[in-house]
Amino acid sequence: CGESRFEAVGSEGMTLRIAIFDRDMTLEPFGGPVPFSILKAMQGHGWLLATGGSADPMEQDAQWLARGVRPDLLCWKGGLNDLARRFPDATVIYVDDGEAYAAIAEKYGWAFHLPAAFIEWWSAHVEKIVGPADFMVRQR
């Protein structure tokens with residue numbers, strides 16, 4: 001992963017929450033079902049968002065920005081191991097249309113969701129998972 005656009009500050013022992021999103025066949029404008037409105041809601045509740053598609057992270061960044069979401073972490077599929085190394089104690093959700101990527105999530109102890117299943121999970125648990133932010137995020 002490349003650039004980080006945040007500085008986490010908070011209480012000792014609090015956990016960062018990161019959601020990584022593949023692009024193609026995952027996000028709504030790229031053939032997938034996940035709308036950017038969910039990403040905006042997650043970010044508004046303290047989740048850090050990471051790009052996670054196969055395309056160049058700067059390309060993904062521009063595409064997200066054009067839809068009103070500024071990713072906190074610019075990443076691509078080949079850099080997911082770096083994200084795991086940099087944030088070993090984070091709670092991570094990885095959303096991708098390729099079931100083969102579930103093994104990557106499992107390797108790092110992350111939750112994995114196919115796009116439609118993620119939308120169902122978010123809808124069913126939004127009240128529980130967004131609760132009070134357990135850390136603050138300062139944009140750089």
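Here is a short walk through the aromatic pairs, the nonpolar cores and the salt bridges of this structure.

Before you click, note that this is a predicted model, where local features need pLDDT of at least 70, side-chain atom pairs count only at pLDDT 80 or more, and totals for chains, interfaces and linings use all residues. Residues are numbered from 1 along each chain as its sequence is written, and side-chain values use heavy atoms, with hydrogens and water left out.

**Stop 1: Phe 21 and Phe 118.** Select these two rings. They make an edge-to-face pair, 5.4 Å centre to centre with 80° between the planes. (Rings of Phe, Tyr and Trp, the last by its six-membered ring, pair if their centres lie within 6.5 Å; planes under 30 degrees apart are stacked, over 60 edge-to-face, the rest tilted.) Phe 21 is in strand S2 (residues 17–21) and Phe 118 in helix H5 (residues 115–130), so the pair ties together parts 97 residues apart in sequence. (Helices, H or I of at least four residues, and strands, E of at least two, are DSSP runs numbered from the N terminus.) Both Phe 21 and Phe 118 are buried, meaning under 20% relative accessible area, with exposed over 50% and partly exposed in between (1.4 Å probe, protein chains only).

**Stop 2: the core.** Colour Phe 21, Leu 27, Leu 39, Met 42, Leu 49, Trp 64 and Phe 118: of the 18 residues in the largest nonpolar core, these touch the most other members. (Such a core is a set of buried Ala, Val, Leu, Ile, Met, Phe, Trp, Tyr and Cys residues joined through side-chain atoms within 4.5 Å.) Helix H1 (36–44) is among the elements that supply at least two residues, and H1 gives the most, with 4.

**Stop 3: Lys 77.** Pick Lys 77 and look for Asp 22; their side chains meet in a salt bridge (3.4 Å, N to O). (That takes a side-chain nitrogen of Lys or Arg within 4 Å of a carboxyl oxygen of Asp or Glu.) Asp 96 also forms a salt bridge with Lys 77, at 3.0 Å, N to O. Shared partners join Asp 22, Lys 77 and Asp 96 into one network. Asp 22 counts as buried at 3% relative accessibility, and Lys 77 counts as buried at 16%.

**Last stop: Arg 23.** Arg 23 has a salt bridge to Asp 24, with the closest N and O atoms 3.1 Å apart. Asp 24 is partly exposed, at 39%.
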